[in-house]
Amino acid sequence: MTLKHSKVLSARFDKENSQALAGYREDGGYETFLSVIKQKQPDEVIDIVKRSGLHGRGGAGFSTGTKWSFVPKQTDKPIYLCVNGDESEPGTFKDRQVLEFDPHQLLEGVGITCFAVRAKVCYVYLRVEFAKGIRAVQHAIDEAYAAGLFGQDIDGSGFSLDVHLHTGAGAYICGEETSLLNSIEGARPYPRNKPPFPAVEGLWGCPTVINNVETIANVPHILKHGAEWHAGLGHPEDPGSRLWCVSGHVAKPGWFELETGYPLQELIDGPCGGIRGGKQLKAIIPGGSSSKVLLPDEVRKVTMDTPGIRALGSSLGSAGIIVLDEDTDMVDACLNLMKFYAHESCGQCTPCREGTPWIVKILQRFMDGEGKASDLDLLLDLAENIEGRTVCALADGAMWPLTSIVIKFRHEFEAKIAANQPVGVA
Ligand SMILES: Cc1cc2nc3c(=O)[nH]c(=O)nc-3n(C[C@H](O)[C@H](O)[C@H](O)COP(=O)(O)O)c2cc1C
Ligand code: SF4
């Protein structure tokens with residue numbers, strides 16, 4: 001395996017006017033889409049994407065081609081594609097780059113994906129705070145219609161497609177795929193119970209594929225260069241090139257496109273310029289905030305791919321890498337994260353609705369000098385009773401950083417308890 005600073009998704013980001021259709025087409029844009037809809041069968045496209053090894057970039061990392069193959073082949077109902085551009089995971093800002101700098105790359109992926117899953121309508125769901133991305137994508141959709149790339153009987157192929165942009169209203173939960181569907185339907189965005197899975201019963205009860213922006217942006221490249229090309233990028237069991245987002249205490253935070261399999265420590269020391277102010281690393285949360293924290297010893301040996309991170313009990317999630325230096329108060333950091341989850345809980349399930357604010361109260365006690373040794377067991381007990389007992393994975397995602405911080409940084413909680421004890425009492 002060779003380690004590379006790939007330029008696949010970000011290849012055009014630096015070009016002047018990279019958002020414009022004219023430049024995209026000069027670079028060969030939409031040629032793959034037009035040849036796919038004229039020369040391939042939908043199942044052939046699904047097979048190529050399956051063999052490419054592409055896994056979803058939205059968090060769960062499910063095989064994209066396999067997900068597409070779950071859409072019923074025979075159905076009287078319309079089939080929909082929903083592109084998840086809610087990008088609400090803390091520490092994650094990769095989809096935003098695609099939306100703002102190369103929206104036609106995404107839209108070409110939309111066209112090919114819809115052809116593959118036999119969808120004739122796509123909703124691109126963007127978080128409302130992405131004002132620049134929303135403008136760029138809407139302009140790109142308008143350009144694509146004007147050029148006859150979307151609409152009826154595209155380029156005489158017989159394939160028709162309508163693409164709509166839909167904005168959310170800024171809630172983390174709307175990034176959860178079934179909550180997103182309710183949001184598009186105009187309903188309260190509560191996540192739905194699964195099964196039925198959206199591929200069978202999704203938007204308005206019809207078969208629906210939901211994929212992340214970065215996932216879909218990969219599709220034109222895979223169809224252009226082939227399944228084997230993609231399968232050969234990075235780690236063989238989790239191939240591809242990813243937009244890694246690094247935030248927190250590094251000298252140069254930002255996004256970096258690298259193939260999977262890259263050593264995490266090298267990313268921190270190289271492109272990110274090391275820990276800010278020459279400090280030592282204390283911890284990394286590797287997959288957006290909803291993943292288990294890694295210690296410096298683990299960071300030194302891990303490669304950035306699903307098998308590597310999983311072997312350490314954590315997950316790659318949305319590839320949002322949050323770096324914490326030696327001065328970080330881990331109890332305070334944990335409290336900060338748990339406030340987020342408590343605030344964003346949709347309130348549908350009791351363990352999540354009641355449990356996350358309870359956890360906040362306990363952590364706040366530690367910060368106020370009132371933490372007790374029994375609180376540590378209570379936190380772990382609460383986590384055990386929340387994880388796996390809710391409708392959606394928001395609660396699981398909240399428990400992973402919590403339990404890993406309580407277990408790996410127990411000494412920081414204990415130091416706070418010790419500091420509460422009266423000293424010098426004879
Ligand atoms: C609370 C919560 C928030 C989520 N937010 C996002 C998000 O902002 N963007 C995203 O693509 N997926 C998000 N997901 C994951 C989606 O439910 C879904 O797995 C994903 O969009 C599927 O796309 P993929 O297969 O291309 O990864 C979230 C999941 C949960 C539980
Ligand atoms: S786990 Fe939390 S966010 Fe998810 S459905 Fe239940 S209450 Fe809502």
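Helices (H or I, at least four residues) and strands (E, at least two) are DSSP runs, numbered from the N terminus. The model is predicted: local features need pLDDT of at least 70, side-chain atom pairs count only at pLDDT 80 or more, and totals for chains, interfaces and linings use all residues. Residues are numbered from 1 along each chain as its sequence is written, with chains lettered from A and ligands numbered from 1 in the order in which they are written.

The domain assignment of the protein gives domain 1 (21-231), domain 2 (236-325) and domain 3 (330-418). Such bounds come from an automatic or database domain assignment. The C-alpha centres of domain 1 and domain 3 lie 35 Å apart. Their contact (C-beta atoms, placed from the backbone, within 7 Å) takes nine residues from domain 1 and seven residues from domain 3. On the side of domain 1 that touches domain 3, seven residues are nonpolar, one is polar and one is charged. Here Ala, Val, Leu, Ile, Met, Phe, Trp, Tyr, Cys and Pro count as nonpolar, Asp, Glu, Lys and Arg as charged, and the others, Gly among them, as polar.

Ligand 1 is surrounded by 24 residues. A residue is near a molecule if its C-beta atom, placed from the backbone, lies within 6 Å of it. The closest are Gly56, Gly58, Gly175, Asn212 and Thr215. Strand 4 (residues 208-212) gives the largest share of this shell, three residues. Domain 1 and domain 3 each contribute at least three residues to the shell around ligand 1. By class, that shell has eight nonpolar, nine polar and seven charged residues.

Ligand 2 has 14 residues around it. Cys346, Cys349, Cys352, Thr390 and Cys392 come nearest. Helix 15 (350-367) and helix 17 (394-408) each supply at least two residues of this shell. The shell around ligand 2 divides into nine nonpolar residues, four polar and one charged.

Helix 6 (residues 103-117) packs on helix 9 (residues 213-225) at an angle of about 75°, with the axes 7 Å apart. Axes are lines fitted to C-alpha atoms, for helices over the stretch in contact, and angles run from 0 to 180 degrees between N-to-C directions. Helix 6 is therefore roughly perpendicular to helix 9 (65 to 115 degrees). The residues of this contact divide into nine nonpolar, three polar and one charged.

Phe115 counts as buried because it has 22 C-beta neighbours inside 10 Å. The cut-offs are 20 or more other C-beta atoms within 10 Å for buried, 12 or fewer for exposed, and in between for partly exposed, with C-beta atoms placed from the backbone. Beyond its neighbours within four places in sequence, Phe115 is in contact with Val36, Ile37, Pro42, Val45 and Phe159.

Most residues other than glycine have a negative phi, and most peptide bonds are trans. The peptide bond from Lys194 to Pro195 is cis, with omega near -5°. The bond from Pro195 to Pro196 is also cis, with omega near 5°. Pro195 lies in the loop between helix 8 (177-185) and strand 4. Trp204 lies in the loop between helix 8 and strand 4, and its phi is near 50°, a positive value. Trp204 is exposed, with 12 other C-beta atoms within 10 Å. Tyr30 has a phi near 70°, also positive. Tyr30 counts as buried, with 21 C-beta neighbours inside 10 Å.

Methods. Parallel < 35°, antiparallel > 145°, perpendicular 65-115°, else oblique. Contact = placed C-beta atoms within 7 Å.
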